[in-house]
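Please read the following account alongside the sequence and the model. It starts with a pair of helices and then turns to strands.

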Amino acid sequence: MFTLAEVASLNDIQPTYRILKPWWDVFMDYLAVVMLMVAIFAGTMQLTKDQVVCLPVLQSTVNSKAQPGTSGKVDFTTVETTTGRKTNLDFQQYVFINQMCYHLALPWYSKYFPYLVLIHTIILIVSSNFWFKYPKTCSKIEHFVSILGKCFESPWTTKALSETACEDSEENKQRLTGAQSLPKYVSTSSDEGSPSASTPMITKSGFKFSADKPMIEVPSVTILDKKDGEQAKALFEKVRKFRAHVEDSDLIYKLYVGQTVIKTVKFIFILGYTANFVNTISFEHICNPKVEHLIGYTQFECTHNMAYMLKKLLISYISLICVYGFICLYTLFWLFRIPLKEYSFEKVREESSFSDIPDVKNDFAFLLHMVDQYDQLYSKRFGVFLSEVSENKLREISLNHEWTFEKLRQHVSRNAQDKQELHLFMLSGVPDAVFDLTDLDVLKLELIPEAKIPAKISQMTNLQELHLCHCPAKVEQTAFSFLRDHLRCLHVKFTDVAEIPAWVYLLKNLRELYLIGNLNSENNKMIGLESLRELRHLKILHVKSNLTKIPPNITDVAPHLTKLVIHNDGTKLVVLNSLKKMTNVAELELQNCELERIPHAIFSLSNLQELDLKSNSIRTIEEIISFQHLKRLTCLKLWHNKIVNIPSSITHIKNLESLYLSNNKLESLPAAVFSLQKLRCLDVSYNSIALIPVEIGLLQNLQHFHITGNKVDILPKQLFKCVKLRTLSLGQNCITSIPDKVSQLLQLTHLELKGNCLDRLPATLGQCQLLRKSGLVVEDHLFDALPSEVKEVLNQDTSIPFANGI
């Protein structure tokens, strides 16, 4: 027979799984243990004491059994005379009869009752714990219990819930005492579930503040070291992956329901057949072994010495089974009474500041319902790791530990405008220490999805330029007020127009706005630029996108725009009529817009001073005659197009000072170009020009002349009459010699000759007083061939500043 320890091991579940065993499972486990004890006790007694004792029944006694009223019992008082033969039965014959009658007369249930109890109990135990053993559920349960235990004991859980308690007590104290404190608002254009629901919001009517629940600054209750922070971050990742893995099925729920149904059916089956065998367990039995030829008697009266005990054990077993069955029925009622495949953290959200804890479903929900039967505190503490707000708080703490003031100071650099600049890339948030850099001029935030700008930014009095690259930053009320009054330049790079923070359109003192992103996709049919009209001081608008037309909303800021830049990334810009409204625009750039002609709408911009039509598909510029109406036009950039010739009507642009025609298909320069007496910069690089006209000498104000990458072989002497030349780019041509008259260019600071067919350089280069070796672009062997005194002059240092004006 089995020992108690061996059988009880079937019910040995790891102690860590106890949190998934509600009271009814625990109770049923104890009932199963008692049933095991009944089975073992009965089986042990059967093995040691179970037997029957039989005595022969005389023939007259057998006949008397047929008389009414005897009920089959032997009445020994009626025996007066006996007939038969003397057999002299000895001990072996009695043993033989007892053994035969044990198997023939004793009911089977009396013999096998302990074994049936043991088998049934084992089946019930297996049914109760099968979901802990089945591989497809065991792995999930084991993972869940492991994560749950770590979440329960994590220092971050204690810190988060303690801060919540402090916030609640602080709010209650303020409500009772009437104390006033400065509320802190955080904008949540996309996070309705964050704990700071009181935010500035963009509405159709403008900027609106909601102050239902101000967020109070509270001191940290506990200090989270770096190791605890890393462990908490790992827990957040585990919980996220586990949730995604478990929520996609309801196998655990179905298996638990199935094993409960099996136990209920088993209870009904046991109760049904056992009740029929209660009365079969009897102390007295009649045995007819049919061995009268050996014994001399046909019938024996037998007694079963275990009958009384077995009957009591059977009644006890039936009682246990009934209790077990009623608990099974209650379990089924509980399983189907409420939707266990859905779990709501509504109560936890109400009691804590983590109002964004999501509801869960399927097996994840079922496991949490089971945990609640053990202790609801587990679910409450576990919910902290389902909250994005909690995760963001943890990231914020870890971020502030890592990015100290000293580390941030090391990342501050000087940009091209000699301004102090800080660039933060792919962080979980904006470190608090950033706002202690009070002398910072430019702040760049890139790929920081949870960026928040607190009120501390008001300390950065020098900050005038902000870059938000794929960074839909949220701002507090005080921070917004500061940015609205102090920010002058804003760069926003986005993929979807929804990434543009709504508060951007309310920066009334903004001077420059740069928008870089897709404004013409399916998701951006309604271009969110309708609030640009609020930017009354905006002077420069730079849009790099893929527009098919200039949005009418941009014209809302047209009256005060002085510069408009549209980089269209190769998408054809078709509708340009709205340009006519931009009467105050002084600089206009339409780059890479697939324009084939100069748009007529441009000729209405009477205040236009600079026009840039770079990287289009313009082939002819016959419309250039209409530029005569633009009296203030001084710079015309038609570079990187497909222009074949320059019309003589260009002479009508009397005030033109800069003309850029590089990277086109020009083969010659008409004399009309050299009639522009105010021309100071002429760039015709990378064309197919073979000859520089002698009329170039008429350009007495020319300071910068670029003809690199053409087919020029001879330099006309008239070129050197342009004595104001400071930059002369002649590289990558076919020039064979440089005239000595180059010495007349006394103001020359940059001379490019590399890539020609020169044999030598003129020694008169030394007479160009401002030319130095750094400004002379030529092959090394040509420079080395110069006289030593010339090289000495060119190698001299000079402190005279110069600019090429390009």
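Helix α6 (residues 135–153) packs against helix α13 (residues 362–374) at an angle of about 55 degrees, and their axes lie 12 Å apart. Helices here are DSSP runs of H or I with at least four residues, strands are E runs of at least two, and both are numbered from the N terminus. Axes are lines fitted to C-alpha atoms, for helices over the stretch in contact, and angles run from 0 to 180 degrees between N-to-C directions. This is a predicted model, in which local features need pLDDT of at least 70 and side-chain atom pairs count only at pLDDT 80 or more, while totals for chains, interfaces and linings use all residues. Residues are numbered from 1 along each chain as its sequence is written, and side-chain values use heavy atoms, leaving out hydrogens and water.

In contact (heavy atoms within 4.5 Å), Lys-140, Ile-141, Phe-144 and Leu-148 of α6 meet Asp-363, Phe-364, Leu-367, Leu-368 and Val-371 of α13.

The strands β1, β5 and β4 form an open sheet in the order β1-β5-β4, with antiparallel pairing; two strands pair if DSSP finds at least two bridges between them. β1 (52–56) and β4 (284–287) are at the edges with a single partner strand each, so one side of each has no neighbour in the sheet. The twist from one strand to the next averages 25 degrees. β1 is joined to β5 (residues 300–304) by five bridges, and Val-52 has His-304 in β5 as its bridge partner.

Elsewhere, β9 (residues 420–425) pairs with β10 (residues 442–446) in the parallel sense over five bridges. There His-423 stands opposite Lys-444 of β10.
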